[in-house]
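This report describes a protein model by way of its core, its helix packing and selected points of its backbone. Please keep the sequence and the coordinates at hand while reading.

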Amino acid sequence: MNATACIAISNMKPCCRMTMLSCNKNLSIFGYSLRKCDHRTVPNLSKMQCGLRGYVSCSNDKVVGYRCVIDPNRKAFFGSGFDWGQPRVFTSGCRRGVNSGGRSVVNVASDYRNHSTSVEGHVSDKSFERIYVHGGLNVKPLVIKRVEKGEELREEERRVGGNGSSVNIDDSKGLNGSKVLSREREVSEVEKEAWDLLRGAVVDYCGNPVGTVAASDPADSTPLNYDQVFIRDFVPSALAFLLNGEGEIVKNFLLHTLQLQSWEKTVDCHSPGQGLMPASFKVKTVPIDGKIGESEDVLDPDFGESAIGRVAPVDSGLWWIILLRAYSKITGDYGLQARVDVQTGIRLILNLCLTDGFDMFPTLLVTDGSCMIDRRMGIHGHPLEIQALFYSALRCSREMLIVNETTKNLVAAVNNRLSALSFHIREYYWVDMKKINEIYRYKTEEYSTDAINKFNIYPDQIPSWLVDWMPETGGYLIGNLQPAHMDFRFFTLGNLWSIVSSLGTPKQNESILNLIEEKWDDLVAHMPLKICYPALEYEEWRVITGSDPKNTPWSYHNGGSWPTLLWQFTLACMKMKKPELARKAVALAEKKLSEDHWPEYYDTRQGRFIGKQSRLYQTWTIAGFLTSKLLLENPEMASKLFWEEDYELLESCVCAIGNSGRKKCSRFAAKSQVV
């Protein structure tokens, strides 16, 4: 063993001193070579890195160091060669102020979650709580290099944007000032304005684009958290950039947010589940201790400890996985998803979602406010939106996970969950006229494995509005299902994403679009699209929302109209070969969005008023419009973003029948749904 390459981490008191190693040009550490350097110590990089609140920071010193928050229960370990796990690398960065040269650097940080001193001994481990990294130092570490303007960047754009999907905007400049690839298409003035606004919302971290702020209204003096980069909100922005041949910002975003995966304390010092992705992050510039006039950029993540209601985001990790697949599909850069750190990030998210608990259902149990509807709206339990995203993330993970002795049990768990989840949603969440008639004649208090009314639903729960509203030729997936409770509201995002991911059967997916077309005046009206229908009103609003002054009837999450849902509607329409529906909705939005300064949402039953508390110049409104335009123009790119029916999945047995007394396996029921 080479003594100079041996690194030890003690479980003693954490320290903010980072030691530079004496090395020659042939010494290789963490998978790359270090330049010849002196042996010296860099003290006090930043006190903020040692506190309970974990910033990710960058500096222009050429150092190899460690994250300064160390689990007190963690055992000391020594690593070298093949026995040492993949290190986690923070980011390239820059110092500012006196004598700062703004040079590109690499900061390396270890993360005990990714280390393995033994792989073979745990191959048969059936729990999914441990993540082992195979390959050790032979794997290339996470390194983000700053690319200067010039030929290198243009070459990168040619590689990433090789699909030729960029729009032709006169004299337009891409990120970092480069000219975007052009196509033979003129864009409208509204589109030009939208591109300018989207690029104006880009956030830089140490000189590199890493995301877009939620809203950038210059007249807003109290932005709250709208000046942060949200994982959920960035997805349509990312797709717009990817479809326009600008992939750098998306790659940076994916890698930087990966470094922010949960490892810190949050509400009242309770530790969140390992693998939790933050809801958002903010780039802050902070002074460096002991360095007068110098500062550094840090990433400050929010895991829900600052959010209204203090709810951790369930959907952030799911969207991250979905975006990772989209990046690979559109750019052709499959090397990113194959990296050990990225593979580990996927597995950590899956472990968090697949953890066994008290819940019997294959759906994901969550609290109110854990998704796009981030306030109290009665969606706690098993809301459709989370199940559709969960299903998509599972399908993405099955495509991207590298199958080996370490991951085979996790892959098997993913397959089983996919099969069970698809059957559960298709069978129990679906309603049309036929199903409503069945529920209307349900018997209650049934006790047996053969019960028809498995969840003890009372027929009186069928709301009066639904009886007259449901068309003969359409249907949809209800918003939620729990014992003795069916939430019959139509939630747009969950239904649209069920189409995109093929969570619903082909016939169900077609029926959902039939319903939207039939009920166009209710769900689209003057501005696409209603987030849910109908709104909670009167006593129901007071009880369920707690008299929420922002979620008044037909406003915000309570029946408001959200233009950002346009891109998901477009994708669903293109999958079902109904692009004319999407074009009709896009044309409606294009008439008003620019004139109204790109609002976050619209109010009233017909979506005619700008939301009373709506932020203007909302980034995902802008990005949703642009992404819809690009998808309609590039059907071959759109096809990379949705999933077709997986018939192989229907063959998977999700229940170990054995001697349990169960007479019917879900796989046969799942197959019969399609046949």
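## Nonpolar core

In the largest nonpolar core there are 157 residues, and those with the most contacts inside it are Trp320, Tyr476, Trp497 and Phe569. A nonpolar core is here a set of buried Ala, Val, Leu, Ile, Met, Phe, Trp, Tyr and Cys residues joined through side-chain atoms within 4.5 Å, where buried means under 20% relative accessible area, exposed over 50% and partly exposed in between (1.4 Å probe, protein chains only). The model is predicted, and local features need pLDDT of at least 70, side-chain atom pairs count only at pLDDT 80 or more, while totals for chains, interfaces and linings use all residues. Residues are numbered from 1 along each chain as its sequence is written, and side-chain values use heavy atoms, with hydrogens and water left out.

If neighbours within four places in sequence are set aside, tryptophan 320 is in contact (heavy atoms within 4.5 Å) with Ile231, Leu254, Thr257, Leu258, Met277, Val342, Ile346 and Ile349.

## Helices α5 and α7

Helix α5 (residues 315-331) packs against helix α7 (residues 340-354) at an angle of about 140°, and their axes are 10 Å apart. Axes are lines fitted to C-alpha atoms, for helices over the stretch in contact, and angles run from 0 to 180 degrees between N-to-C directions; helices (H or I, at least four residues) and strands (E, at least two) are DSSP runs, numbered from the N terminus. The two helices are therefore oblique to each other, given that angles under 35 degrees count as roughly parallel, over 145 as roughly antiparallel, 65 to 115 as roughly perpendicular and the rest as oblique.

The crossing of α5 and α7 is left-handed, a term used if the near helix is turned anticlockwise from the far one by less than a right angle, with right-handed used if clockwise. On the α5 side the contact is made by Gly317, Leu318, Trp320, Ile321 and Leu324, and on the α7 side by Val342, Ile346, Ile349 and Cys353.

## Helices α8 and α9

Helix α8 (residues 384-400) and helix α9 (residues 408-428) pack at an angle of about 145°, again with an axis separation of 10 Å, and their crossing is left-handed. Residues of α8 in this contact include Phe390, Tyr391 and Leu394, and those of α9 include Leu418, Leu421 and Ile425.

## Cis peptide bonds

Proline 528 and leucine 529 are joined by a cis peptide bond with omega of about -5°, and leucine 529 is placed in the loop between α14 (520-523) and β19 (532-533). A cis peptide bond also joins tyrosine 533 and proline 534, with omega of about -5°, and proline 534 lies in the loop between β19 and α15 (538-545).

Arginine 310, in the loop between β15 (295-302) and α5, has a phi near 55°, a positive value in a residue other than glycine, and is partly exposed at a relative accessible area of 46%. Histidine 597, in the loop between α17 (579-592) and β20 (602-603), has a phi near 65°, also positive in a residue other than glycine, and counts as partly exposed at 37%.

Leucine 243 is 88 residues from threonine 331 in sequence and 8.9 Å from it in space, C-alpha to C-alpha.
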